[in-house]
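Work through the exercises below with the structure in view. Try each task before reading its solution.

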Amino acid sequence: MLSFSEFLMDLTNPALAFLPRALLVAAVSALVCAVVGTHVVLRGMAFIGDAVAHAVFPGLAVAFVFGGSLVLGGAVAGILTAVLVALLSQNRRLKEDSIIGVLFVGAFAIGVVVISRAAGYAGSLQDFLFGSITGVPAEDIPYLLVGSVLVVGVVSFFRKELVAVTLDRETARAQGIPVLLMDVILYASVALAVVLAVQTVGNVLVLALLVTPAATARLLVNRLVPMMAVAAGLSVGASFVGIYLSWALDLPTGATIVCLLTSIFALAWLAAPRHGVLVRLVRVGKVRAGKARVGKVGR
Amino acid sequence: MHNDSHAHHALDVRCLNVTLGGRHILDDVSLHVHAGEFVALIGPNGAGKTTLIRSILGLIPHSTAGMSAYGVPLDARTVRTRVGYVPQRHEFAWDFPITVRETVVSGLTGILGFGRRAKLEHQKAVEEAMRRADVTHLASRPLGELSGGQKQRVLVARALVLRPDILLLDEPFTGLDMPTQELLNDLFRGLAREGCAVLMTTHDLISALDQCDRLYLIRERVRAAGTPDELREVGVDVWMDTFQIRETNPLLGALGLRGKDGKE
């Protein structure tokens, strides 16, 4: 196995320029996904996140087939999707999850059909679905960075309103907050975050970057901004280690990162200081022991 | 505070009709609340109490026969600046990672506007609202660690942060213990005494008859309205019809309503 210092040397090797690029893109997209994903997790809209992630695919496929920029193609498809999801989910009496489920798996299928027309279809399809360490061309980097700043900026600027809508939609509406616009903004941010991450992590696995770090952070902290920071820190760390392992052991990049994130989640779920399973078990044990003692004394 | 407050009702709803999904929920409902009054809406489940509150807030499409606050039409801007709303407790995302103080501050979101943060004058309103609802000592506690009564007081503080002229409360007492109910009743009456118009829905009829200035019996229509004493005299039939209960229901006796044969 490649040692860590050899990995650092490879990072500076000009012949392997894609490697630091992959690292940069993975870290930046992990950070953006963690920040947006915090809102996704708190609003309990992981399914909508999944839908948007899948619906980005036809845009990527069209851009790929016609040789356009994948980032722009995905962004256009993603934002269209975001508006559509927001409109569909306004009617709360309708079971919107079914509609979203039907529509966006359909969109995904269209993407697969479109990309099957391209030459070298099998390889590119696999890259789209599962990501690739060589995935990001150098000319996409500026778009990715601008996109990242934009998404984090927008989510921060509207944080107060996004929080108010999550806390209580009806009161937010009575307060005069444009609830529909806030939904569109959040869903569009999800779509853009997905587009940023999709080339390294892949379309199927990108949901993990949105949900897992934020869910882990929720187990560890009790405030919004610290939750975003913890989620981003975990996610960036896992991306870095994931790319190292992927390079050293020739493992698929996206899957390695997601496996790491999932392990961290499992660890937090078991051992979180206040809400973890272990702590709860110990607490129950102590109470039982205490009761037993009291019982003995009483007798 | 308002020169015209005695010429106009603080809150005036005229001939409100609401139909949802083809079902008639409210039929020609008219009601008013004076400044300084504490008024209860009572009626069985599905009577349209919550729908009435939500209509006043402009959350439900309705025939705009006429709603006004202190003589001005009750449009979105008036609602945003002058009406405080306390939703039912289960409508709120209590698992959100946020402190009590931040929750109260978030009551200002609508009036602050995009990209603006609470200023000093707002902070004063936040402190005052928390003090009135008796949650100051909980200010830095996360929402997830509150009891039911504490949660209800946080929601009230969140509504008070706007210093509303009109306060709408949807079942504020449901599931609360007696000390919390007493504290909230004192608070609502105190707000009314200072000139606020307070309108709440409740299922706690005994407490409502004891504490409120006037009550509306509602089931699709206004079945009766008046002071507690007036409502005790309207006849047991009206109560039985509104709540769809039998003459033998112990509730009627507990409310001190006379049966048909004149017995208590």
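**Exercise 1.** Check whether the length of helix H7 (residues 178-193) of chain B fits its residue count.

*Solution.* Helix H7 of chain B has 16 residues. At 1.5 Å a residue, they should span 22 Å (1.5 Å times one less than the number of residues). The end C-alpha atoms are 22 Å apart, which agrees. Helices here are DSSP runs of H or I of at least four residues, strands are runs of E of at least two, and both are numbered from the N terminus.

This is a predicted model: local features need pLDDT of at least 70, side-chain atom pairs count only at pLDDT 80 or more, and totals for chains, interfaces and linings use all residues. Residues are numbered from 1 along each chain as its sequence is written, while chains are lettered from A and ligands numbered from 1 in the order written.

**Exercise 2.** Sort residues of H7(B) into buried and exposed.

*Solution.* Count other C-beta atoms, placed from the backbone, within 10 Å of a residue's own: 20 or more means buried, 12 or fewer exposed, in between partly exposed. Leu184(B), Leu187(B), Phe188(B), Leu191(B) and Ala192(B) are buried. Seen down the axis, the buried residues of H7(B) fall within an arc of 135 degrees, so they line one face (the arc uses directions from the helix axis to the C-beta atoms). The face turned away carries exposed Met178(B), Pro179(B), Asp186(B) and Arg193(B).

**Exercise 3.** Find what follows H7(B).

*Solution.* Gly195(B) follows H7(B). Its phi is positive, near 110 degrees.
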